[in-house]
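Q: I have a model open and want to learn how to read it. Can we take it feature by feature?

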Amino acid sequence: QVQLVESGGGLVQAGGSLRLSCAASGRTFSRGWFRQAPGTEREFIATTARSGSTFYADSVKGRFTVSRDNTKNTVYLQMDSLKPEDTAVYYCAAAIIPTWPITQRGGYPYWGQGTQVTVSS
């Protein structure tokens, strides 16, 4: 069983930056980031493997950067040039099977509680 704890959400002005963290209690193969705005489906953003490989959705490529510190078992999502349309609850997810990349929600059995990101215009 893997437990995930996210942190780092908040309110930021358009053009600003935030960094989210996702700490895990157990060993994972890959960690993904998703977001969900009210009335929409949960959307894949990015994923990183234990090896350091990364994969991004086109909607955030060039603005968001995912990284990990294996010594702390923590993954980060650096979000720059934020836009009001980035407003959503952001979720961290984890997979333990060596499949890459996992971009579908159903591919991750473990999820964090979510953290709210609000970008004001």
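Q: Is Ser21 buried or exposed?
A: Remember first that this model is predicted. Buried means under 20% relative accessible area. Ser21 has 17% relative accessibility, so Ser21 counts as buried.

Q: Where does Ser21 lie, and which residues does Ser21 touch?
A: Ser21 lies in strand S3, residues 18–24. Leave out residues up to four places away in sequence, and Ser21 touches Val5, Glu6, Ser7, Trp33, Thr74, Val75 and Tyr76.

Q: Thr74 is among those contacts. Is Thr74 buried or exposed?
A: Apply the cut-off again: under 20% is buried. Thr74 has 10% relative accessibility, so Thr74 is buried. Thr74 is placed in strand S8, residues 74–79.

Q: What does the side chain of Thr74 reach?
A: The backbone oxygen of Lys72, at 2.9 Å.

Q: Where do side chains point in a strand?
A: In a regular strand, they alternate between the two faces of the sheet.

Q: How many residues of strand S4 are buried?
A: Six of the seven, in residues 30–36. Therefore S4 is largely enclosed by the rest of the structure.

Q: Which strands pair with S4, and in what sense?
A: Strand S5, residues 43–49, pairs with S4 in the antiparallel sense over six bridges. There, Gly32 stands opposite Thr47. Strand S9, residues 88–95, also pairs with S4 in the antiparallel sense, over seven bridges. In that pairing, Ser30 stands opposite Ala95.

Q: What sits between S4 and S5?
A: Their hairpin has six residues between the strands. In this hairpin, Gly39 takes a positive phi near 80°.

Technical notes
Residues numbered from 1 in each chain as written. Predicted model: local features only at pLDDT ≥ 70, side-chain atom pairs only at ≥ 80, totals over all residues. Heavy atoms only, no water. Helix = DSSP H or I, 4+ residues; strand = E, 2+ residues; numbered from the N terminus. Buried < 20%, exposed > 50% of the residue type's maximum accessible area, 1.4 Å probe, protein only. Contact = heavy atoms within 4.5 Å. Pairing = 2+ DSSP bridges. Polar contact = N/O pair within 3.5 Å; in protein donor to acceptor, adjacent residues only side chain to side chain.
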